[in-house]
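This report describes selected features of one protein chain. The sequence and structure come before the details.

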Amino acid sequence: MAKARLVGDRTSTMMVQAMERRSTDVRGRVFQVSLFVTLLLSLFILGVLVVDVVMDGWGIITGRPGGFLSGTIRSRSIDPKLGVHQALVGTFWIAVFVAVLAFPIGIGAAVWLEEYAPKNRFARFVELNIRNLAGVPSIVYGLLGLFLFVERLEGITGGKSIASAGVTLAILVLPIVIITAQEAIRAVPQGLKEGAYGVGATKWDMIRSQVLPYAAPGILTGTLLSMSRGIGEAAPLLLVGAVSGRLGSDAGFFDFGAITEQGFMAMPIIIVEWVQESGRDPGFAEAAAAAIVVLLVFVILMNATAILLRNYFENKRG
């Protein structure tokens, strides 16, 4: 009798466990489906926005793509010389400033925090502030650039210049670069580091030969994505002196001297200007949409570069 009761208790326990697993599987399936629906909804909204912008600017994109890329800002939307060349030049040099300043400093700070910094209150305080700075609104960085680089360091940056804009946006994306580089370095297997130490490598040799090559795909992806955010900001550029009207001459991409002499323009600024002008001249709405498409293509090319570099270093790592 006791043996039969024991068998019955085990059977009941197994049935209860099976019902609990089935209930858990159902909740997990519902959660998975919810996530998938959320992803589809996000992609749908993004797709609608992109299609709407492309359709609005379709006439310029297909009618005169070359002239639009080589033209300059004009007072009338029907002007055949209307274009975004000067804004593209300014955006290009801003991206150069961000790459030269934010990337080395950000990657170096991430290496120090992960490999050299002592695990004490000071290091935790620094990391906490870096993560807080990543969430600060861009307008705050614009005010910083206006106060520091335009007014206080005018003799060095040239005041309202592309140098002030580039340094301001480099500071804006610097926390993001540090955080993404930290995560990539943190993902390096401990066995690689111990193996390097096992063959007599110094700490610097270990970082140079094991940590940085292994973390390179994640670092490159994070840094280039942060640049994509930086070149799309308009508020800081407005505060540090971006020109919203027509510039005097049409400087080339590598004519940095001419840019510093006459001011600078950027893609976000010209988009804002044309959207405002669309109330006076409806044709500027089409020009603004075409400029948004050009900026999207510029960002997509940067992201594609990040993907290619990531794949290259992943293959090299493998």
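## Thr 223

Thr 223 is part of helix α10, residues 203-231 (helices are DSSP runs of H or I with at least four residues, numbered from the N terminus). Its relative accessibility is 2%, so Thr 223 counts as buried (under 20% relative accessible area; exposed is over 50%, partly exposed in between, with a 1.4 Å probe and protein chains only). Leaving out residues up to four places away in sequence, Thr 223 touches Phe 103, Ile 107, Val 177 and Thr 180 (contact means heavy atoms within 4.5 Å).

## Basis of the model

This is a predicted model, in which local features need pLDDT of at least 70, side-chain atom pairs count only at pLDDT 80 or more, and totals for chains, interfaces and linings use all residues. Residues are numbered from 1 along each chain as its sequence is written, and side-chain values use heavy atoms, with hydrogens and water left out.

## Nonpolar cores

A nonpolar core is a set of buried Ala, Val, Leu, Ile, Met, Phe, Trp, Tyr and Cys residues joined through side-chain atoms within 4.5 Å. The largest has 31 residues, and Val 98 and Met 227 are among those with the most contacts inside it. Helices α4, α6, α8, α10 and α14 each supply at least two residues of this core. A second, separate core has 19 residues, including Leu 82 and Trp 274.

## Helix α5

In α5, the buried residues are Ala 123, Glu 127 and Ile 130. They fall within an arc of 60 degrees seen down the helix axis, so they line one face of α5 (the arc is that of the directions from the axis to the C-beta atoms). These buried residues pack against α4 and α8. On the other side of α5, Arg 121, Phe 122, Arg 124 and Phe 125 are exposed.
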